[in-house]
Amino acid sequence: MSALFYRYDERWLNTSRKDVDWEQIKLIVFLNHTSLFEPIFLRLAPNHFLWKASKQLIIPGADITLKRPLVGRFFHFLLPGVIPITRKKDHSWRSFLEAINSKSIVAILPEGRMMRPNGLDKSGKQMSVRGGIADILSRLKEGSALFIYSGGLHHIQVPGQKLPKLFKQVRVNLEVLNIAQYKKSIGNVNFEDFKSKLVKDLNHRLAHRVPKQEQR
């Protein structure tokens with residue numbers, strides 16, 4: 001449906017869409033979190049993957065957001081596998097991790113909060129990747145990760161704005177990496193070392209692989 005309302009300027013960095021083995025996608029990583037409407041990027045996947053994901057996708061979502069009447073219903077409808085979590089690593093995060101199994105397709109927005117138009121989060125802090133994704137990767141032993149580098153969606157929906165603007169261009173870069181090879185490239189002396197190096201790598205990707213979004 002989103003193809004009717006948005007023009008996609010997509011660039012695959014290390015493969016092409018037709019060469020992606022969608023059956024191997026076990027992790028979807030969204031970088032440059034600017035809007036609640038980032039699920040529109042899933043339109044770039046083929047229908048057979050979307051059908052599979054509708055049954056097997058799990059994604060952590062802020063409980064505060066999911067409790068909002070309109071937005072919460074929208075997310076539960078669009079992403080039935082969304083699991084509410086708090087801002088802390090408590091029982092809700094552990095419950096999310098325990099829901100991951102060999103059939104799961106996991107999606108994560110590793111920055112953990114949205115960028116506002118001033119380039120900061122809602123508390124005025126710099127945006128950066130948080131370490132929760134390391135917990136997820138430690139549970140994934142095989143398959144591929146799809147990295148989605150958003151050019152930003154403030155020209156479509158600014159955080160707090162109820163309705164999105166239609167008929168806009170969306171820019172996005174995409175990359176597919178083998179999970180086992182990617183984890184090996186990060187290094188795994190111990191978990192804390194792995195998490196630190198992973199966060200550093202993802203922040204580098206956030207800085208250098210995100211396309212510049214033309215505001216039109």
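Contact here means heavy atoms within 4.5 Å. Helices (H or I, at least four residues) and strands (E, at least two) are DSSP runs, numbered from the N terminus. The model is predicted: local features need pLDDT of at least 70, side-chain atom pairs count only at pLDDT 80 or more, and totals for chains, interfaces and linings use all residues. Residues are numbered from 1 along each chain as its sequence is written, and side-chain values use heavy atoms, with hydrogens and water left out.

**Helix H5**

Buried means under 20% relative accessible area, exposed over 50%, and partly exposed in between (1.4 Å probe, protein chains only). Six of the eight residues of H5 are buried, so the helix is largely enclosed by the rest of the structure. They are Gly 132, Ile 133, Ala 134, Asp 135, Ile 136 and Leu 137. Their cover includes strand S2 (25-31), helix H4 (91-98), S5, helix H6 (179-186) and H7.

H7 spans residues 191-208, and its axis runs 9 Å from that of H5, at an angle of about 115°. Axes are lines fitted to C-alpha atoms, for helices over the stretch in contact, and angles run from 0 to 180 degrees between N-to-C directions. H5 is therefore roughly perpendicular to H7 (65 to 115 degrees). From H5, Ile 133, Ala 134, Asp 135, Leu 137 and Ser 138 meet Phe 191, Phe 194, Lys 195, Leu 198 and Leu 202 of H7. These contact residues divide into seven nonpolar, one polar and two charged.

Arg 116 sits in the loop between strand S5 (105-108) and helix H5 (132-139). With 23% relative accessibility, Arg 116 counts as partly exposed. Arg 116 touches Asp 121, Lys 122, His 154 and Pro 159, leaving aside residues up to four places away in sequence. His 154 is 38 residues from Arg 116 in sequence, yet 8.1 Å away in space, C-alpha to C-alpha.

Gln 213 lies in the segment after H7. Gln 213 is buried, at 8% relative accessible area. With residues up to four places away in sequence again left out, Gln 213 touches Gly 151, Gly 152, His 155, Gln 169, Val 170 and Arg 171.

Both side chains make polar contacts, listed below. A polar contact is a pair of N or O atoms within 3.5 Å; within protein, one must be able to donate a hydrogen and the other to accept it, and residues adjacent in sequence count only if both atoms are side-chain atoms.

| Side chain | Partner | Distance |
|---|---|---|
| Gln 213 | His 155, side chain | 3.4 Å |

Notes. Parallel < 35°, antiparallel > 145°, perpendicular 65-115°, else oblique. Nonpolar A, V, L, I, M, F, W, Y, C, P; charged D, E, K, R; others polar.
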